[in-house]
Amino acid sequence: MLEVEDLHAHYGRAHILQGVSFAIAAGEVLVLIGRNGAGKTTTMKSLIGLVRPTSGAIRFAGADIAGAETYRIARAGLGYVPEERRIFTDLTVMQNLEVGKRPARAGRDPWTPRQLFTLFPNLGEMPTRPGGRMSGGEQQMLAIARTLMGNPSLVLLDEPSEGLAPVIVEQMARAILALKREGVTVLLAEQNLHFAARVADRAAVIETGRIVWTGGIAQLASEAGRYLGV
Ligand SMILES: Nc1ncnc2c1ncn2[C@@H]1O[C@H](COP(=O)(O)OP(=O)(O)O)[C@@H](O)[C@H]1O
Ligand SMILES: [Mg+2]
């Protein structure tokens, strides 16, 4: 479904992505795992067109989207939930969801607030709460739910477990597993090996802008643990 090949990206003269290659099959959860500063967010921003790659290919649903405009990439079915949980703090939960609404994808039922409240029961308990009066975990869930209202076929989640209390992390893990059951393909960026192992099928370990290991999630802890310093 997504194929990234020898992707390079710079910030000014700093060569950040130095040949990132990986692929995701439809229905899979792949975790891009690596330490702080390894290039996870830059990879995601390159995929969604917020960073213009200097070279390399990004094939998504049959087209090369490298360097395409963000709105076109989103329209092609790529959803992005940034690290900084951009929700509208003055809008309620329902209004935030409405803002994210986009046409359904051919051959699939569109997401509705009702289904999203099944996925994230916390949100269902506060449909009229303004985004600014929610906890960090609730805001993270709302950010994901709002992105799903766009009916993406592939969702990029940048460190969804970051800074959340353990009980909320567990709810997040269950929601991602439920998403997978719904057939949504997920690319997750994580530093948290425990969370990654709970939700992902496969892992790609990123280190200073390069993928240094790819494999099944069960092999990650034993074989790739040394890259992650665990
Ligand atoms: N806007 C920017 N300008 C310059 N350097 C940046 C910028 N954003 C990130 N970087 C640098 O790029 C590298 C990768 O960052 P990032 O992709 O955010 O890593 P990660 O998400 O894995 O923590 C880091 O060295 C970081 O300091
Ligand atoms: Mg990051």
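Predicted model: local features only at pLDDT ≥ 70, side-chain atom pairs only at ≥ 80, totals over all residues.

User: Where does Ile217 lie? And is it buried or partly exposed?

Analyst: Ile217 lies in helix H9, which covers residues 217-228. It is partly exposed, because it has 19 other C-beta atoms within 10 Å and buried takes 20 or more.

User: What about the strands S9 and S10, how do they pair?

Analyst: Strand S9 (residues 202-207) and strand S10 (residues 210-216) pair in the antiparallel sense, over six bridges. Ile206 has Ile211 in S10 as its bridge partner. The hairpin they make has two residues between the strands, and Thr208 takes a positive phi near 35° there.

User: Zooming out, how many helices and strands does the protein chain have?

Analyst: The protein chain has nine helices and 10 strands. Its radius of gyration is 17 Å, close to the 17 Å that the globule rule gives for 230 residues, so the chain is as compact as a globular protein of that length. Along its principal axes, the C-alpha trace spans about 45 × 35 × 35 Å.

User: And what share of the residues is buried?

Analyst: Buried residues make up 41% of the 230 in the protein chain. On contacts, take those between residues at least 6 apart in sequence: 66% of them join residues at least 24 apart.

User: Let's switch to the open sheet of four strands. What's the order?

Analyst: The order is S2-S1-S4-S5, with antiparallel pairing. Strand S2 (14-24) and strand S5 (63-64) stand at the edges, each with a single partner strand, so one side of each is left without a neighbour in the sheet.

User: How many bridges join the strand pairs, say S1 to S2?

Analyst: Eight bridges join S1 (residues 2-11) to S2. Tyr11 has Ala14 in S2 as its bridge partner. S1 and S4 pair over five bridges, with His8 standing opposite Ser55 in S4. S4 and S5 pair over two bridges, and there Arg59 stands opposite Asp64 in S5.

User: What sits between S4 and S5?

Analyst: S4 and S5 form a hairpin with two residues between them, and Ala61 in the turn has a positive phi of about 45°.

User: Back to H1. Is it mostly covered or mostly open?

Analyst: H1 is mostly covered, with eight of its nine residues buried. Among the buried ones are Lys40, Thr41, Thr42 and Met44.

User: Now the ligand. Which residues are around ligand 1?

Analyst: The residues around ligand 1 are Tyr11, Ala14, Ile16, Gly34, Asn36, Gly37, Ala38, Gly39, Lys40, Thr41 and Thr42. S2 and H1 are the elements that give two or more residues to that shell. H1 gives the most, with three residues.

User: How does that shell divide into nonpolar, polar and charged?

Analyst: The shell around ligand 1 has four nonpolar residues, six polar and one charged.

User: Last one: Ile144. Is it buried or exposed?

Analyst: Ile144 is buried, with 23 other C-beta atoms within 10 Å. Its place is in helix H6, residues 136-148. Leaving aside neighbours within four places in sequence, Ile144 is in contact with Val81, Leu157 and Pro160.

User: And how far apart are Ile144 and Thr70?

Analyst: Ile144 and Thr70 are 74 residues apart in sequence and 18 Å apart in space, C-alpha to C-alpha.

Methods
Residues numbered from 1 in each chain as written. Chains lettered and ligands numbered in written order. Pairing = 2+ DSSP bridges. Near = placed C-beta within 6 Å. Nonpolar A, V, L, I, M, F, W, Y, C, P; charged D, E, K, R; others polar. Buried ≥ 20, exposed ≤ 12 C-beta atoms within 10 Å, placed from the backbone. Contact = placed C-beta atoms within 7 Å. Rg over C-alpha atoms; globule rule 2.2 N^0.38 Å.
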